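I opened this notebook to record what I looked up in the structure. The entries follow the order in which I consulted it.

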Amino acid sequence: MSTRIKTTKAMLFACMVSASTVVVGAAAQEQDAPRQVLFNNVNVFDGKSDRLAEGMSVLVEGNLIKTVSAEPIDAPNAFTVDGEGRTLMPGLIDMHSHLCIRNGMLEFRDDYDQMANGAYVGLVMQDYLDQGFTTVRDAGCNILGIAKAVNNGIVPGPRIYPSGAFLSQTGGHADTGSFNDVPGDVDDLEAHMFGFIADGVPEVIRAARHNLRAGATQIKVMAGGGVASEFDPLHTTQYSLEELKAIVGVAEDYGTYVLVHAYHDRSVNRAIDAGVRVIDHNFLVSEKTIIRMKEEGVALSVQAVQSLEAFGDPESITFFNADQKAKAAQVNAGAQQMMEWAVKHGLLMVTGGDMFGPDVVRQADNIIWFNEKVAKDTHLSLKTATSNAAEVLTWTGGMNPYKEGTLGTIAEGGYADIILIDGNPLEDIHSLKRDKVDFVMKDGVVYKNWLPDENAPAFRPAQPSREAYFGNL
């Protein structure tokens, strides 16, 4: 294929330009007409099928997919993109991001402030887009203002389904205070809505309502012990059944759902008893619990790289203490078997990296590792980050901020969240890696373009010259 034109961070900042101000093509369309982009000569993975539809054309109008056809599409005013046989597929969806965590939970409490955290999040969001991830479900932290800013076009970023502050009991997985805190103390992270420490039914109801008031699309609860935190051994079960039921009740009143951080049978089954719909992690459960999840329609969010690679070598995690490294090794010992049971029993599975800091640059590896180490089924693995993920996102109901179109598939009426891949990911899952993602469009706006110049959509936001940034240096 032709020489690629590589994007830069500066180019991505240019995408803050509102799509409504961009003129399509060579002035062929009137300014008040919906802009159109026609992709020809593409092989389509629609997010559901187990094979590519070859030689397809896809017409985007505004921010939605208007037509998907095996026949030529008549769109004389559209800018035409020759895909040159690339795979056109839905933008990827990461179902367990922590956009505002870098090296562990405490870095932006102890080493930097929240202004630095916001600047860091801006870079992370650009990196997600560059990798082809056009949507993320953030599984807890102070991200509600960022999500609002992305939705309002203030900053560029993937679509964000934010959970808001973690809900954690005292001594739970999101208790980021100091060991000698006394009741009533609030550490800097809790003060900035990183996590709410809430005990008892009235407190958890108030915390859940506060998150939803501020724009959360679902609620994230710490229902068991974790690896990265100080006060909660893995064997602990967190929150009483009554507390969990109260949180689920608030979510249901808002028309959405609860996901939980949980590892073992007791914590997972208590969460299911309370009406929780998604279990994240789940690494130490029995096959019996997997069967129950299948029977009751509970989804599993898989973090393959963290559990199988990173926790396979906990000594390499420099910001973990000795106890945290021991917990990581325990998780690693159970994760492979749990995932194999999940595939065997056909759970509704989604993938989410839970990858941050140095690992944020390789989110696709979570899908790749799940496929190569567990599923050995590229079709299933791709669905975990496209149509399966989109199905779970619809459980946000009335709290879903994206009601105009659908996500996770290439279909008429879907959002124009589209990536072009140099390769066939159904044959080679490594085609999802960043260096194979040649083109990224989110909501009809181009955020990455490695296509040859003659194939580049003319409505791409203007990219400032080097001189505009650096003058005559």
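Entry 1. I worked from a predicted model. I began with strand β7, residues 133-138, and found that β7 and β8 pair in the parallel sense over four bridges. Within this region I located Thr135, which stands opposite Arg159 in β8.

Entry 2. I then asked in what order the strands of this open sheet lie. The sheet has three strands in the order β6-β7-β8, and their pairing is parallel. I noted β6 (92-97) and β8 (159-162) as the edge strands, since each pairs on one side only. From one strand to the next, the twist averages 15°.

Entry 3. I looked up which helix packs on the sheet. It is α3, residues 114-130, and I recorded that α3 touches β6, β7 and β8. The direction of α3 makes about 130° with that of β7.

Entry 4. I turned to helix α9, residues 287-295, and asked which of its residues are buried. I found Thr289, Ile290, Arg292 and Met293 to be buried. These four lie on the same side of α9, because they cover an arc of only 160° around the axis. On the face turned away from that buried side, I found the exposed residues Lys288 and Glu295.

Entry 5. I next asked against which elements the buried residues of α9 pack. The partners are the helices α8 (265-274) and α11 (322-344), together with the strands β13 (278-284) and β14 (299-302).

Entry 6. Lastly, I examined what comes after α9 and noted Gly297, whose phi is positive, near 70°.

Notes: Residues are numbered from 1 along each chain as its sequence is written. This is a predicted model: local features need pLDDT of at least 70, side-chain atom pairs count only at pLDDT 80 or more; totals for chains, interfaces and linings use all residues. Side-chain values use heavy atoms; hydrogens and water are left out. Two strands pair if DSSP finds at least two bridges between them. Helices (H or I, at least four residues) and strands (E, at least two) are DSSP runs, numbered from the N terminus. Axes are lines fitted to C-alpha atoms, for helices over the stretch in contact, and angles run from 0 to 180 degrees between N-to-C directions. Contact means heavy atoms within 4.5 Å. Buried means under 20% relative accessible area, exposed over 50%, partly exposed in between (1.4 Å probe, protein chains only). The arc is that of the directions from the helix axis to the C-beta atoms.
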